[in-house]
Amino acid sequence: MKPVRVGICGLGTVGSGTFNVLNRNAEAIAARTGRIITIGQVGARRDNPACDTSTTEVSRDIFEVARNPDIDIVVELIGGYDTAKDLILTAIEHGKHVVTANKALIAEHGNEIFQAAREKNVTVTYEAAVAGGIPIIKCLREGLAGNSINWLAGIINGTGNFILTEMGDKNRSFGDVLKEAQELGYAEADPTFDVEGIDACHKLTIMASIAFGIPLQFNKAYTEGISKVTPADIRYAEELGYRIKHLGIARHNGAGVELRVHPTLIPASQPLANINGVLNSVVVNADAVGEAMLVGPGAGAEPTASSVVADIMDIARTMEAPQTNPKPLGFDSDRLQDTPVLPIADTHSACYLRIHADDHPGVMHAITSILGKQGINIEAMTQKAVRESDGYADIVILTQKVQESLMDQALAKIEQLDDVQAPVTRIRVEAMA
Ligand code: HSE
C-alpha cells in the first residue's frame with residue numbers, strides 16, 4: 001500500500017512539534033497504523049530552526065499544499081480565522097482530509113467546515129484543539145460513547161491556571177504573573193483570549209457539542225475571565241476550604257445545557273482543585289462510567305503534536321473508507337439535538353461574595369437584609385479587618401444556591417448602599433457533584 005502523504009501548513013510551535021514527532025516515531029507510527037506516513041510537503045512562510053526540513057519539499061504558499069494532488073491529509077497549524085478557514089475549505093474542496101489544532105475556528109465555524117467535509121466525504125479531526133496533549137475528544141466521542149453525560153468541567157486554559165496558581169502560592173499580582181506567562185510562551189498571541197476566558201470557551205463549546213450532541217454554539221456560552229480575582233479572594237477562599245479555578249462547565253440540567261466559563265470556588269479536597277500551574281484537566285460525570293478525569297499538558301510543541309499525530313493516524317487507518325471514521329461531533333449531523341443552551345440568568349449557583357465596605361454600624365445588617373429579601377440563604381459570613389491602605393473592610397459571604405437573575409438583582413441593590421464600594425466581587429461556587 002502506498003504511503004499516506006501529509007502536508008503540514010504552519011511551522012510554528014505545534015507545526016515543528018508535529019514535524020519532529022512524525023519523523024522521530026515514523027517506524028512505530030507505521031507499525032500501529034498499518035501504513036507508512038510521510039511528510040509530503042510543508043507550507044510555511046519561514047523555516048523553523050527547531051526542525052530539519054532539508055529533505056522535505058517546502059512551499060512558501062500554504063494553499064499550494066491544500067491543492068497538491070500528492071497530499072492526502074492537510075494539517076492546518078497556522079491558527080487564526082480567515083486564512084485558516086480558506087485553507088481548510090480549499091483542502092476539503094480538493095478532496096483532502098484535514099487535521100487542525102485550531103480551537104477558535106472549530107468552535108466558531110466548525111458547523112460549516114463539517115458540512116463541507118460531509119459533502120466531500122472527507123474527515124476533519126481536531127483533537128489538538130482542546131486541552132493540547134489530553135485526548136479528551138476521543139475520550140468523549142469514542143471511549144465514553146455509550147454514556148449519557150451529566151456534566152463535564154475542566155481547567156482548559158494553562159495560562160489562566162498558571163496565573164491563579166502563582167497568585168495564590170506566591171501572593172503575586174495578576175499583571176505581574178501574566179507578564180511572566182507571556183514570556184514563558186504559555187499565553188495566546190492576544191492574552192485577552194486566555195485571561196478573559198475566550199480560549200477556554202472555544203474549548204468548552206467543542207466538548208459540549210460532543211458530550212450532548214448539540215451543534216457548536218460558541219455565541220451562546222457565558223464567559224467571564226479571571227482579571228478581577230485578587231490574591232485576597234484566593235486567600236479568603238482557602239480559609240473557607242476552597243480553591244479558585246477558572247473552569248469551563250457544561251451541564252445538562254434537564255431543561256437545557258449550561259455552558260459557562262468563569263472563576264469558580266471548588267472544595268479544596270476535589271482532585272480538580274489540585275491541578276496547578278499550566279496543567280489542564282477535564283472531569284466527565286456520566287451515567288455509566290461515573291466520574292472520569294484526565295490530566296495533562298494543555299499546550300506546548302510536542303504535547304499538542306501528540307494529539308495532531310494521533311488524528312493523522314486515525315485518518316490514515318480509515319482513509320479508504322472515511323465514512324467509517326467517527327463523526328466530527330460524535331453524532332450524524334442530521335441527528336444533532338436542538339436542546340437549548342440556557343442563558344446564564346436561568347442557571348443556579350452558590351456564590352462567594354466579597355463586599356468592600358465602610359466599617360460602619362449597620363452595614364452588615366443592610367447587606368444581609370437585601371440578600372434575605374431576595375430569598376438568598378447565607379451559608380457562611382465573615383468580616384475581615386479594616387485594610388490600613390484604604391480604611392475599608394472586606395465582608396465575605398458564601399451563599400447557598402440561587403438563581404443567577406436573583407443574585408444580579410441583590411448585587412445591584414448592595415452596590416447602591418452608600419457604605420459599599422462597588423462593584424461587589426461575585427465568584428460562583430461548584431460542589432462538583
Ligand atoms: N493559550 C493556551 C493555554 C494554549 O494557555 O492553554 C493552548 O490552547
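His97 touches Asp72, Ile73, Val74, Asn121, Val122, Thr123, Ile315, Met319 and Pro322, leaving out residues up to four places away in sequence; a contact means heavy atoms within 4.5 Å. The structure is a predicted model, in which local features need pLDDT of at least 70 and side-chain atom pairs count only at pLDDT 80 or more, while totals for chains, interfaces and linings use all residues. Residues are numbered from 1 along each chain as its sequence is written, and side-chain values use heavy atoms, with hydrogens and water left out.

**His97 and strand β5**

- His97 belongs to strand β5, which covers residues 97-100; helices (H or I, at least four residues) and strands (E, at least two) are DSSP runs, numbered from the N terminus.
- With a relative accessible area of 6%, His97 is buried; buried means under 20% relative accessible area, exposed over 50%, and partly exposed in between, with a 1.4 Å probe and protein chains only.

- Asn102 is in the loop between β5 and α5, the latter being residues 103-120.
- This residue, Asn102, counts as buried, at 6% relative accessibility.
- Apart from neighbours within four places in sequence, Asn102 is in contact with Glu76, Gly79, Gly80, Ala84 and Ala129.
- The side chains of Asn102 and Glu76 make a polar contact at 3.4 Å; a polar contact is a pair of N or O atoms within 3.5 Å, and within protein one must be able to donate a hydrogen and the other to accept it, with residues adjacent in sequence counting only if both atoms are side-chain atoms.
- From C-alpha to C-alpha, Asn102 and Leu77 are 7.0 Å apart in space and 25 residues apart in sequence.

**Pro3, before β1**

- Pro3 lies in the segment that comes before β1 (4-9).
- Pro3 is partly exposed, with a relative accessible area of 34%.
- Setting aside neighbours within four places in sequence, Pro3 is in contact with Arg35, Ile36, Thr38 and Asp72.
- Between Pro3 and Ala101 there are 23 Å in space, C-alpha to C-alpha, and the two are 98 residues apart in sequence.

**Two residues with positive phi**

- Ala131 is not a glycine, yet has a positive phi of about 60°.
- Ala131 sits in the loop between β6 (124-125) and α6 (136-143), and is buried, with a relative accessible area of 0%.
- Asn171, also a residue other than glycine, has a positive phi near 55°.
- Asn171 is in the loop between α7 (158-170) and α8 (174-183), and is exposed, with a relative accessible area of 54%.

**The ligand**

- Lys103, Asn157, Gly158, Thr159, Tyr186, Glu188, Asp194, Asp199, Lys203, Gly298 and Ala299 surround the ligand; each has a heavy atom within 4 Å of it.
- A backbone N or O atom of Gly158 is 2.7 Å from an oxygen atom of the ligand.
- In the side chain of Asp194, an N or O atom is 2.8 Å from a nitrogen atom of the ligand.
- In the side chain of Lys203, an N or O atom is 2.8 Å from an oxygen atom of the ligand.
- On its own the ligand has 260 Å² of accessible area, and the protein covers 91% of that; the areas come from the Shrake-Rupley method with a 1.4 Å probe.
- α7 and α10 (198-212) are the elements that give two or more residues to the shell around the ligand.
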